[in-house]
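These notebook entries record what I looked up in one structure. I went through its pockets and then a group of its strands.

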Amino acid sequence: MNKYIIICIMCFVCFSMMQAQNIQYTKSDSVKVESFLMEANKQDFTTNWVLYFSSKLMGIPYVAKTLEGNDTEKMIINLRQLDCTTFVENVMALSICAQRRLYTFNDFCRYLKLLRYKNGMISYPTRLHYFTQWIADNTELGFVKEIQSPDSVFTRIQTLDINYMSTHSAQYPMLVRHPSWISEIEKCEKELQGKQFRYIPKEEINNSNAFRDAIKDGDIIAITTKKKGLDTSHIGFAVWHLDGLHLINASQIHKKVVDEPMTLYNYMQEHPSQVGIRIIRPKKL
């Protein structure tokens, strides 16, 4: 039987199960996921899965706030439109499945839920809105580890002062509809308050051996920001080219997923609010 017919049958069976679990997706999403995972089964086990699946998603349109389309929280799976966070989450969920030799849409959904929500509980307040939350939760799960050394590369310290969502709740349609959730968001913000992390200032990013040793292909790059109340403003994946470090990301500028043509150093000089980068390494499972 043709493998794509098999995928379609499997996806049909999964559909009713996923609806019961408060998961929203289209048939094309589930077919795409299982096709990617079946193709991954043919790859060598030493494959850099982050770069592999990033390449599969190249060119997909950038659309902001792809998780905000419902009156109540659902786990949205949308591989037809991506923002910077959902791009990273989808690549990570695919990569975890490939490492663990898991090839079903249900497997993918399980890991995406764990990556996106605290304790895998689907609700708006338990979604990991701030990327520092995301790092901490997924570090506990063993999926990632933040890199903080050597000091010669990570030369600055970010001290968090987090309150953007609670102080700008009118910008978040779900909080407008459910104002009682603001207090739960505030609790999450207070847990982050004052925490410190080493980062690389943007003016010091370079193409030296020290930087190539500190940052690996497929690392998550979290761009720190001057914007009051936030920890980071953009995320993507690291990839080294001959001219230096580049960012694979769902780009608002290019309106799609791209391997940014400019080096990360040059890219960040054009964004005054961007301060530096934190590095989060996907773990080999």
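I began with the term itself: on a 1 Å grid over the protein atoms alone, a pocket is an open set of points where a 1.4 Å probe fits, with protein on both sides within 12 Å along at least five of seven lines, and lining residues have an atom within 4 Å of a point. Grid points are joined across faces, edges and corners, and a volume is the space filled by probe spheres set on the points.

The model is predicted: local features need pLDDT of at least 70, side-chain atom pairs count only at pLDDT 80 or more, and totals for chains, interfaces and linings use all residues. Residues are numbered from 1 along each chain as its sequence is written, and side-chain values use heavy atoms, with hydrogens and water left out.

Entry on the second largest pocket. I noted a volume of about 470 Å³. Its lining comprises 20 residues, and Thr47, Asn48, Gln99, Pro282 and Lys284 lie nearest its centre. Helix H3 (49–56), H4 and S10 each give two or more residues to this lining; helices (H or I, at least four residues) and strands (E, at least two) are DSSP runs, numbered from the N terminus. H4 gives the most, with four residues. I sorted the lining by class and found eight nonpolar, six polar and six charged residues, where Ala, Val, Leu, Ile, Met, Phe, Trp, Tyr, Cys and Pro count as nonpolar, Asp, Glu, Lys and Arg as charged, and the others, Gly among them, as polar.

Entry on the largest pocket. Here the volume is about 1,200 Å³. Of its 40 lining residues, Cys84, Thr85, Tyr172, Thr232 and Ser233 are the closest to the centre. Among the elements that supply at least two lining residues are helix H4 (84–99), helix H6 (131–140) and strand S8 (244–251). S7 gives the most, with four residues. The classes are 18 nonpolar, 14 polar and eight charged.

Entry on strand S6. Is this strand, residues 220–225, enclosed or open? Six of its six residues are buried, so S6 is largely enclosed by the rest of the structure; buried means under 20% relative accessible area (1.4 Å probe, protein chains only). Ile220, Ala222 and Thr224 point one way, whereas Ile221, Ile223 and Thr225 point the other way.

I then traced the partners of S6, taking two strands as paired if DSSP finds at least two bridges between them. S6 pairs with S7 (residues 232–241) in the antiparallel sense over five bridges, and Ile221 stands opposite Gly236. The two strands form a hairpin with six residues between them, and Gly229 in the turn has a positive phi of about 90 degrees. S6 also pairs antiparallel with S10 (residues 274–282), over six bridges. In this pairing Ile223 stands opposite Ile277 and Ile221 opposite Ile279.

Entry on strand S10. Seven of its nine residues are buried, so S10 too is largely enclosed by the rest of the structure. S3 (residues 144–147) pairs antiparallel with S10 over four bridges, with Glu146 opposite Ile280. S5 (residues 196–201) runs antiparallel to S10 and is joined to it by two bridges; Ile200 stands opposite Ile277.

Technical notes
Buried < 20%, exposed > 50% of the residue type's maximum accessible area, 1.4 Å probe, protein only.
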